[in-house]
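Subject: Structure handover

Hello,

Here is the structure for you to look over. My notes come after it.

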Amino acid sequence: MSRRSFLKTSGICTAGAIAATYLPDQFLLWAGEKGLAKTEKITTYCEMCFWKCGAIATVVGGRVVKLEGNPLSATAKGKLCGRGNGGIGLLYDPDRLKHPLIRTGKRGEGQFRKASWDEALTHIADKLKKIKEEHGPESLALFTHGSPTEHFMPLLQGFGSNNFAMPSFAQCRGPRVVGYELTYGDDIGSPERLDMANSKVVVLIGSHLGENMHNSQVQEFTDAIGNGAKIIVVDPRFSVAAGKAHHWLPIKPASDMALILAWINIIIREGWYDREYVAKYTHGFDKLAAAVQQYTPEWAEKETDIPAAQIMATAREMGLHRPAVCIHPGRHVTWDGKDVQRSRAIAILGAILGTWGREGGAYLATRGSFPAVPPPSFPASNRPTLKKGGFPLGGAEGVTNAIREATSIGEPYPVKAWMVTGTNLLAAMPGQKETIEAISKLDLLVVVDVIPSDTSLYADVVLPECTYLERHDGLIIGKGRALSASIRQPAVAPMYDSKPAWWIAKELSKKLGLEDYFPWENFEDRLNELCLTYNIDYDELKQKGVISFPDTAKPFITADNQPVFKTKSGKIELYSKELEELGFEPIPAYEKNEEPPQGFYRLLYGRSAVHTFSRTVNNPALNELYKENELWLSSVQARKMGLTDGQYVALQNQEGITSNRVRLKVTERIREDCVYMVHGFGQQSKGLTKAFRRGADDQQLISSYPVDPICGGTGMRCTFVKLVKGA
Ligand code: MGD
Ligand code: SF4
């Protein structure tokens, strides 16, 4: 694959070639290359999103001047995406948090005074001790995402609480994890274990690869296109991926389940499924076949707006090329509160085509592993954890909205302190009013961030973490095709008065008498120790950045490499006894979603190739490439309303909440019943000088939403908006 074709698929010809180096940096780079200045190459892994690509930083004269992908990294394959290159923009963003801050104004006003680390940590520790005394240790909750998690978990659990949650579950992958675990006894992993490059057919159901820029996955998608795979894209919008598709299915939003069930029905009815595989590895096929009979292509046409003939043709394409069919499971799948069942339907479609463990389908996870490091023994609690929130399959990463609700109502017990690390809850969770209301019940809100996020405006104490280019973090243990370990180490020393999360957690632990949970002097000692346990040469790891064990890869089913399904039946469960016992449909069934009323559009949102949620919108290098989001509106609707391309409008939801102004992108590339914008914009924090009130915030508009009764995922594609002129 050429660099050009990768960039083309990423939909960002210019962004991939991003100016990650500014002019003086170009000079330093040149000086380094000529041997005129001291140059170092430091290996690390990227934190601009959660794909964890191995990266190499070139440091000249103490300044990071270039970032490149590590060729040894399976997620980078020698390249970084536009955002990965933009890491330098985060490091040198003048808007970064520079000192610990203690609030002086009202919550939300963003008035703070500078404090020393000792004062800020003492303040937090004193408050936490008082809260523990009055309400018990479980009254502390941790909201977290990404690398800081590993450092703050021992603090939370050592304190005596197990109340933690990450938005990556109930606002993102949770329903998929649960749907796949119910079906295969295993999640499909992150990165998803897809053998896309070898697929004959790639099916993307609402996955906008190329705009959603997961590095190696987009590279493999590009390879699949280059290798002649048939591409089927189901999307109400003509996405970048749709531009590469042989079949673009512009589905009526929120009717995907109808299409998937019809596909399953046709593939069974026409005998296009993998009989041998189904007989050997699955459970409940006959019940599935009977249950889906009602979902004919003609019926599905009415539900989805996709012609029955096209539904047939795409089913045939999959059946004809099985098992080399790669059905992407989706990543951000919290759409309509019925997402576990939709994810299960996708999993079932893959199963009857025999794709799990097969070339061109989904590969099996390595069974290689490093010796387990036993966790410390944390104090036990006799109160229930809040992280499942009463959802039967609430998941290991916790349900953010459940902890938020418990905080608001003070039931089953009071939650009085939140630590928020590496997540911007106001942008990540729907129901901003609910988040602010829950915060108003707290005696302490601590935010650990690198920039003054919207959530930090409500904090009592803000702690500035240094960026990933200035710190050590935990090893990344890759469990994809082969076992691997990747290291993060500082390319430069922390700027300003910022500190790494491991240091913050350890210092706070000392003030709380919890230092036994951090039994090392500094994090390098900890990494050294882990490498000894794992039998990895630490110096070699530092130098290479990634060490892989190719012998541990056994990706495909063979006579002596049989898959293990950790389900109740020991097989792939097309019929789920577990769901039946919990009172849910054992086989996915169709339930119609509400449609927008007259004058309203369904609000859809997604990614830009150069941004990750709200975390990059203020990054000088990335903001330069995409400064504010646009609202996609069909040209037919624009004409009817007398609106033109480039004009500003506001959006108003059914509860009367009105957004910031947003610029219209009038286009033929979207259906008439929906509008679309990139998520993460419209931030309210003045400290974000480049992002402040640029574009509209989708999250502000998602004020009511269905919740998946199985896992607690919040359905965020059920908001209807109208356009307000004159914004
Ligand atoms: P961000 O909005 O990027 O996403 O939710 P979040 O992870 O909360 O906020 C991340 C915060 O972490 C930022 O304030 C950033 O500055 C900070 N940060 C970045 N790097 C570091 C670091 O090294 N250390 C520390 N301490 N902080 C750091 C994402 C979540 O949002 C997810 S995973 C998904 S898939 C959902 N996407 C989504 C959507 O597409 N639309 C809507 N409406 N909501 C969504 N919510 C979900
Ligand atoms: Fe960084 Fe891009 Fe890789 Fe994400 S996909 S980790 S932003 S290089």
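Below is what turned up, element by element.

Please keep in mind that this is a predicted model.

**Strand β14**

Start with strand β14, residues 444-449. Six of its six residues are buried, so β14 is largely enclosed by the rest of the structure. For a burial count, the cut-off is 20 or more other C-beta atoms within 10 Å of a residue's own. In a regular strand, side chains alternate between the two faces of the sheet. Here, Leu444, Val446 and Val448 point one way from β14. Leu445, Val447 and Asp449 point the other way. Both sets are buried, Asp449 included.

Which strands pair with β14? One is β13, residues 417-421, in the parallel sense over five bridges. Within that pairing, Ala417 stands opposite Leu444 of β14. Another is β15, residues 461-464, also parallel, over four bridges. There, Asp449 has Pro464 of β15 as its bridge partner.

**A four-strand sheet**

Next, an open sheet. Four strands form it, in the order β10-β9-β8-β12, and the pairing is parallel. Its edge strands are β10 (247-249) and β12 (325-327), each pairing on one side only. On average, neighbouring strands of this sheet are turned by 10 degrees against each other, direction ignored. Strand β9, residues 230-234, pairs with β10 in the parallel sense over three bridges. Ile232 has His247 in β10 as its bridge partner.

**Helices α13 and α14**

How do these two helices pack, and at what angle? Helix α13 (residues 297-304) and helix α14 (residues 308-321) pack at about 115 degrees. Their axes are 8 Å apart. The crossing of α13 past α14 is right-handed. From α13, the contact involves Pro297, Glu298, Ala300 and Glu301. From α14, Ala308, Ile311 and Met312 meet them. By class, the contact residues are five nonpolar, no polar and two charged.

**Ligand 2**

Last, the ligand site. How many residues surround ligand 2? There are 13. The closest are Cys46, Cys49, Cys53, Cys81 and Gly84. The shell around ligand 2 divides into eight nonpolar residues, three polar and two charged.

**Where to look**

Move on to the β10-β9-β8-β12 sheet. Then view the α13 and α14 packing. Finish at ligand 2 and its 13 surrounding residues.

Best regards

Key
Residues numbered from 1 in each chain as written. Chains lettered and ligands numbered in written order. Predicted model: local features only at pLDDT ≥ 70, side-chain atom pairs only at ≥ 80, totals over all residues. Near = placed C-beta within 6 Å. Nonpolar A, V, L, I, M, F, W, Y, C, P; charged D, E, K, R; others polar. Buried ≥ 20, exposed ≤ 12 C-beta atoms within 10 Å, placed from the backbone. Pairing = 2+ DSSP bridges. Axes fitted to C-alpha atoms, helices over the stretch in contact; angles between N-to-C directions. Left-handed = near helix turned anticlockwise from the far one by under 90°. Contact = placed C-beta atoms within 7 Å.
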